[in-house]
Amino acid sequence: MSSKIKRAGVVGAGVMGATIAAQLANVGIETLLLDIVPRELTDEDRKKGLTEESKAFRNKLASQGLETALKSRPASFYISDYAKRVEVGNLEDDLDRLREVDWIIEVVVERLDIKQQVFEKLESVLEPGTIITSNTSGISAAAMSEGRSETFRRHFAITHFFNPPRYMKLLEIVGCEDTLPEVLDTLAETCERVVGKGVVWAKDTPNFIANRIGTFSMLYGIRTMLDMGLSIEAVDKLTGPVIGHPKSASFRTADLVGLDTLLHVAENVYEGAPDDEKRGMFRPPELLQKMLERKLLGEKTGQGFYKKSKDEKSKRVILSIDPQSLEYTPQEKVKLASLEAAQNVSGTGGKIKALFFADDKAGEFTFRQTAETLIYSANRIPEIADDIVNVDNAMKWGFAWKLGPFEAWDALGVAKSVEKMKAAGYEIPGWVAEMLEQGNDAFYKMENGKSLYYDPASRSYKEVPVKPGVIYLPALKDRDMTVAGNKGATLVDLGDGVACLEFHTKMNAMGDDIVSMVYKSADIVAKDFDGLVIANHGTNFSAGANLPLVLFTAQEEEWDDLEWMIKTFQDAFMKLKYLDKPVVAAPAGMALGGGCEICLASDRVRFAAETYMGLVEVGVGLIPAGGGTKELYLRNTEHLFEVPRGGLYPKQIELMPYIARAFETIAMAKVATSGPEAVKIGYLRPTDKMTVNRDLQIADAKKTVIAMNMEGYQPPMYRDEIRVAGENSFAMIKLGLWTMHESGFITDHDVTVSTKVGYVLCGGEVLPDTVVSEQYLLDLEREAFLSLCGDPKTQMRIQHMLQTGKPLRN
């Protein structure tokens, strides 16, 4: 059996199958997507001249699945070009082609009889060593493999992707009794390192880990809502971001998933887990039964717990269902004292704790639902998983909880929360009570720089498994590997001569603290290290400059201070660019404005697949002034100045098409929706490489630094002979802006801002082919930025962004 999966086959081209195929294609795995042949020709097929023998007809369902994945929003493919890695076919004509693949994934309807029929067909073409898995969300591996050959069973497992596969980190792997260890190892290695998933090891029980606990928590919350007479919107406020859950909270999530799907999952537990002490909770309450009868299923039917509508002024509104009457009414404004208080507490754990111990209705609801969820989770060990780590990871990666159940319990204070649960009449799981009796008051703890978890089986603490290639900065800091730091950033020793500059401000916005640490880190690395990585574990690499500080300084008209700030910003990034040691940035999440510019200043970028990069300053009426405008010009034109033997001299090459590309990118504030798209737009170079699993990104960036040194790293030469297009090209840009303004496409202020962008990109109003330096272009950036800061309309746009989080639409 090959340990490297290069080709895969996906059987079933529905939404899940097609988007799994898309993610495999995203990471370079050539994929064959198959579905059944349609039963008969439609009138539309006949109009196209298709017959039952036409390939287009026979591959129709697979083609439709691929097309749906291409059109999906959020996008299933990193870039649309990757869809070329998916080939479509059907199970009659192309079944034999599955002999060519290393991994077959079954993604057909959730019915055991149909899956068994498919597996019987697939076994006829199963080559020795080929792995076969099911994407079932809850059907038993033992039941699906029953009656199959020993070879099939030894190479069979469940790989449960969560929807949408590109964005949801969780992958539950479930083996059956006969599954070979090397099969599970290959799946885990491929899914973690190549496909980018977070693997949890689940047992062959109904709905595995995440859906078992998540469904219980949701159904219990609905019953508690009905019992307490709370509204739909009140419960969503209490079960959303305030407790570290997604904005979709409970009922918006149910609408997205579909009520029929939710109840199918619940029924699976009810039928498959007769010994579950909370089995009755998985029987749907009357509210859900009535909604099911009325087809109020959520987004798929246009109405569920919420419904989009229009008011008397034809303005779009979202109504919520009244649990008693099942009528849709305007959403009520939720006012709960402890909820408002909790929202002002720092940290997710602090917010949960504030609500859990509150005395009002919000506190009662949070206490009841949280207590039940925590106790239920503890009672599932070792039934659904061997340890608390797999349970916590499943809920964080599959349901996007910031804290898993046992992490949340630690945040509450295990002893204190158990005391309150006992007083309310709850029965505490035996192993939790025993842990407390032993004098252990937390499920997790740090010891000698290592993270430990409590293991009920051994009644002791064990080290949290750390995958090879994972670097966790807090653990290094606990081992006294901090080199220098301040409130905004820290320089950490990664070992092997490589240091890491970590940001840790809110949204990792760049202010004085981060800029001063850039200077300090560059000096330290130049003297004591072989290279620098710029990375952090934040949700976002950096949301850009500290806009409140910029706005305040501009409103106070402290122009000298503001110019000094921007000059310091520019100089810091130039210091990184020309450092005599390799610098590798490792962005993930948002890398906007200054976050993008520090990547542009780095020698290489080891980007996460989910990197959303852009120079977005135009959105608030400014231009990129940390070197971003200058760098984008250089990246779009640098290849023009490498004169081939016998080729044209640089000054004979027309610059305008390349300036236009950079201008469009900046003036439209383009943001890449993936790392590969950032390469395509031009923020990143083809030599910059992707890490799909963010857990491995810092280690990969460190390896890049080491490799660059092994290759004989030489810092770039300072650019003091840059040819710019000058006044003629600038006039063309101004003409284009005038045309767009006259046609009503852009506003007066858009013209003002975009003119500044064009001015810098063209090198100002100088003669064509004037030669300038990088510092000259930086001075133009700074001058433009400062002049725009004094514009009242720019200040208004910055204020709007700070208040709403969205750019002002003129």
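This is a predicted model: local features need pLDDT of at least 70, side-chain atom pairs count only at pLDDT 80 or more; totals for chains, interfaces and linings use all residues.

Visitor: Okay. How many residues of strand E16 are buried?
Guide: Six of the seven in E16 (residues 489-495). Helices (H or I, at least four residues) and strands (E, at least two) are DSSP runs, numbered from the N terminus.

Visitor: Which way do E15 and E16 run?
Guide: Antiparallel, with three bridges joining E15 (residues 482-485) to E16. Two strands pair if DSSP finds at least two bridges between them. Thr482 stands opposite Val492. A hairpin of three residues links E15 to E16.

Visitor: And what joins E16 to E17?
Guide: Six bridges, again antiparallel, with E17 spanning residues 498-503. Ala489 has Phe503 as its bridge partner. Two residues sit between the strands in that hairpin, and Asp496 takes a positive phi near 60 degrees.

Visitor: Switching topic. What's the order of the eight-strand sheet?
Guide: E3-E2-E1-E4-E5-E6-E7-E8, an open sheet with mixed pairing. E3 (86-90) and E8 (198-201) are the edges; each has a single partner strand, so one side of each has no neighbour in the sheet. Neighbouring strands are turned by 25 degrees against each other on average, direction ignored. For angles, axes are lines fitted to C-alpha atoms, for helices over the stretch in contact, and values run from 0 to 180 degrees between N-to-C directions.

Visitor: How do E1 and E4 pair?
Guide: Parallel, over four bridges, between residues 7-11 and residues 103-106. Val10 in that pairing stands opposite Ile105 in E4.

Visitor: Which strands does helix H1 lie across?
Guide: H1 (residues 15-26) lies across E1, E2 (30-35), E3, E4 and E6 (156-161), and runs at about 170 degrees to E2.

Visitor: There's a three-strand sheet too. What's its order?
Guide: E9-E10-E11, open, with antiparallel pairing. E9 (306-310) and E11 (328-330) stand at the edges. E9 and E10 (residues 316-321) pair over five bridges, and Tyr306 has Ser320 as its partner in E10.

Visitor: Now the core. How many residues in the largest nonpolar one?
Guide: It has 112 residues, and those with the most contacts inside it are Leu98, Phe305, Phe406, Trp409, Met421 and Phe443. Helix H9 (residues 210-228) gives the most, with nine residues. Another core, of 84 residues, lies apart from it and includes Met517, Leu600, Phe730 and Leu788. A nonpolar core is a set of buried Ala, Val, Leu, Ile, Met, Phe, Trp, Tyr and Cys residues joined through side-chain atoms within 4.5 Å.

Visitor: What does Trp409 touch?
Guide: Leaving aside neighbours within four places in sequence, Trp409 is in contact (heavy atoms within 4.5 Å) with residues including Leu374, Ile375, Val414, Met421 and Phe443.

Visitor: What about Leu777, buried or exposed?
Guide: Buried, with a relative accessible area of 1%. Leu777 is in helix H32 (residues 774-789). Leu777 and Lys630 are 147 residues apart in sequence and 6.0 Å apart in space, C-alpha to C-alpha. Beyond four places in sequence, the contacts of Leu777 include Tyr633, Ile722 and Val760.

Visitor: Which residues of H27 are buried?
Guide: Met656, Ile659, Ala662, Phe663, Thr665, Ile666 and Ala667. Their cover includes H26 (628-637), H28 (675-681), H30 (727-742) and H31 (748-761). Ala669 follows H27, with a positive phi near 50 degrees.

Visitor: Last one. How many disulfides?
Guide: Zero in the whole structure. A disulfide is a pair of cysteine sulfur atoms within 2.5 Å.

Terms used
Residues are numbered from 1 along each chain as its sequence is written. Side-chain values use heavy atoms; hydrogens and water are left out. Buried means under 20% relative accessible area, exposed over 50%, partly exposed in between (1.4 Å probe, protein chains only).
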